[in-house]
Amino acid sequence: MNSIYPILYRELKSYFASPLAYVIIVVFQVISARFFFLYLQGFLHIQLDPGFQLQRGELNLNNLVIAPYFGTISIVLLLIIPLITMRLIADERKSYTAELLFTSPIELKSIILGKYLAALILLVIMLLLSSVNMFVLMVHGNPDIGAVTSGYVGLFLLGASFLAIGIFASALTENQLVSAVITLGVLIVLWLVGAMSPVDGSILGYISIINHFEPFGKGIIALKDLVYYGTLIYLGLFLAHTALESERWR
Amino acid sequence: MIHVHNLTKNYGSLRAVENISFELEKGDVLGFLGPNGAGKTTTMRIITGYMPPTKGSVRIENIDIFDHPLEAKKQIGYLPENPPLYNDMSVADYLDFVADIKKVPSKEKRSRLLYVMDHCGIIGVSKRIIAHLSKGYKQRVGIAQALINNPSVLVLDEPTNGLDPVQIIEIRELIKSLAGERTIILSTHILPEVTMICSRVIIINKGRIALEESLESLSQNLKSKENLYLKLRQYGESVIDKIESIENISKVNTSAPGEYVIVPSNGVDVRDELAMMAVANNWGLLELRPLTHTLEEVFLKVISSEG
């Protein structure tokens, strides 16, 4: 398993050797800052409303800024992550380097994990940079640190699951665009499939990604949500492994 | 060194390779010949462990490549048909990466890197980005990549494909210099290349071995079937009869007036007799030379008789 490191290092370098990583990071920062500003502005406006005083308990920073901000960022991740994962394996095929990797004395597991971890590091960089918005809140306001922290844990797990699904899609094709479209399609279906169903007692409701993300934005880290994301990540990586293995046996 | 036993590979209902077996010893350079689509690349991909065969086995240094892939793959260097290069990396970074995934011990890494870059003549471009290199240099980087783990088995899939004549000669020299301490399998459809580099030849057609021979016995074989070409200034009806009267000549054909192709029986050299006869009869001997069978002719014969 010590071959993970060279794969990871090369992948990360390759992200930053092209403009792709920079463009993704910048676009993500701009969008997240813009939405953060919009929610904050909305919050400031509503404070001037006479009705505000009656509902003080409900209309606080957490409910009006932090929770919707995390909800929006989760959708931005849904749109951006297919672009991060699309090249991971598809590009190895296109540049014929798959033959190098698969004839080297390293396990398929190490290849997939190395690539996955590289994408995960890019995700962490994106999330850390966007946390500047939260520091602004901390300096000028009094947000619930617990909710902010759990929100970021949620975003990380959500993004990590998206990446795992994306690497699976990338293992299916040699065309980056096809890989990105498959990822986006699968994610949207997973996102919406049970949006109208309750989380408990309904299979569709349990499968739906959105139902497992909401609690994090409210400061709740529940075991069932952790298990859900853990399963999704494992499933994505396992399917990627299976896809690559079976391709060679065909 | 390499034992290939009864390899068969099906792609769905298509049988790409059928019952291929051969053994190679240390120092052998095997030329793997065949028309496009004959199954050369498939066979090489199976030998290098890129994909498993439908039936059969491959052992490298007595290690089965599918039972112990990680051990066996350490012994192999492989240059696929298209060199597996990361275009966004510099040559040195790329080779460093390959050394890592090929498990070159970190103590030896630096010296191996210098050795392969020196041997393949790419030290001068080591800092350059691979995407900006010419095709010939890319091919060299591809070969350097295959050599980095000091493999005992080197598998090269059409190493001179698409290069210009000067580059082809350089790459051939490079391959020749690599033989000796290693076993090399080389596929090509450029036949003279085989005569220049290889010690053994396998011709493969439609997935099967059509001919397997050492280059020595192959060229012996070719010589023994040598015909003679004779061109005379004076010619007439009687010439053929007179030539046929010489001992050990089985047949005389005439292709144009004054031009004859003489088939000696059992490879006996009849040039002396022919020359003397020509002089004695005052035929005006213009040309007398052996018509060598080239590897090309053998190849075509083998391929077409199979078909």
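This is a predicted model: local features need pLDDT of at least 70, side-chain atom pairs count only at pLDDT 80 or more; totals for chains, interfaces and linings use all residues.

Me: Thanks. How do S9(B) and S10(B) run, and how many bridges join them?

Reply: They run antiparallel, and 6 bridges join them. S10(B) covers residues 208–214 of chain B.

Me: What do S9(B) and S10(B) form?

Reply: A hairpin, with 2 residues between the strands. In the turn, B:Lys206 has a positive phi of about 50°.

Me: And what about S3 of chain B, how does that strand pair with S9(B)?

Reply: S3, residues 29–33, pairs with S9(B) in the parallel sense over 4 bridges. As an example of who faces whom, B:Gly31 stands opposite B:Val201 in S9(B).

Me: Is S9 of chain B buried or exposed?

Reply: Buried: 6 of the 6 residues in S9 (200–205) count as buried, so the strand is largely enclosed by the rest of the structure. B:Arg200, B:Ile202 and B:Ile204 point one way, B:Val201, B:Ile203 and B:Asn205 point the other way, and all are buried.

Me: Okay, zooming out. How many helices and strands are there in chain B?

Reply: Chain B has 11 helices and 14 strands. The chain is divided into domain 1, residues 2–221, and domain 2, residues 227–291.

Me: How far apart do those two domains of chain B lie?

Reply: Their C-alpha centres are 47 Å apart. For the chain B trace as a whole, the span along the principal axes is about 80 × 45 × 30 Å.

Me: Now the partner. What is the secondary structure of chain A?

Reply: Chain A has 12 helices and 0 strands. Its radius of gyration is 20 Å, close to the 18 Å from the globule rule for 250 residues, so chain A is as compact as a globular protein of that length. Of its residues, 38% count as buried, and its C-alpha trace spans about 70 × 45 × 30 Å along the principal axes.

Me: Where do the chains touch? How many residues of chain B are in contact with chain A?

Reply: There are 23 from chain B, in contact with 18 residues of chain A. On the chain B side, the elements giving two or more residues are helix H2 (69–73), strand S6 (76–79) and helix H3 (91–101). H3(B) has the largest share, with 4 residues.

Me: What is that side of chain B like by class?

Reply: The side touching chain A has 13 nonpolar, 4 polar and 6 charged residues.

Me: Last topic, the cores. Which residues have the most contacts inside the largest nonpolar core?

Reply: They are A:Leu163, A:Ile167, B:Leu95, B:Ala144 and B:Leu186, in a core of 126 residues. Helix H8 of chain A, residues 145–171, gives the most to this core, with 14 residues.

Me: Which residues does B:Ala144 touch?

Reply: Leaving out residues up to four places away in sequence, B:Ala144 touches B:Leu95, B:Val116, B:Met117, B:Cys120 and B:Ile122. There is also a second, separate core of 9 residues, including B:Leu230, B:Val239, B:Tyr260 and B:Ile262.

How values were computed: Residues are numbered from 1 along each chain as its sequence is written. Chains are lettered from A and ligands numbered from 1 in the order in which they are written. Domain bounds come from an automatic or database domain assignment. A nonpolar core is a set of buried Ala, Val, Leu, Ile, Met, Phe, Trp, Tyr and Cys residues joined through C-beta atoms within 7 Å. A residue is buried if 20 or more other C-beta atoms lie within 10 Å of its own, exposed if 12 or fewer, and partly exposed in between; C-beta atoms are placed from the backbone. Two residues are in contact if their C-beta atoms, placed from the backbone, lie within 7 Å. The radius of gyration is taken over C-alpha atoms; the globule rule is 2.2 Å times the number of residues to the power 0.38. Ala, Val, Leu, Ile, Met, Phe, Trp, Tyr, Cys and Pro count as nonpolar, Asp, Glu, Lys and Arg as charged, and the others, Gly among them, as polar. Two strands pair if DSSP finds at least two bridges between them.
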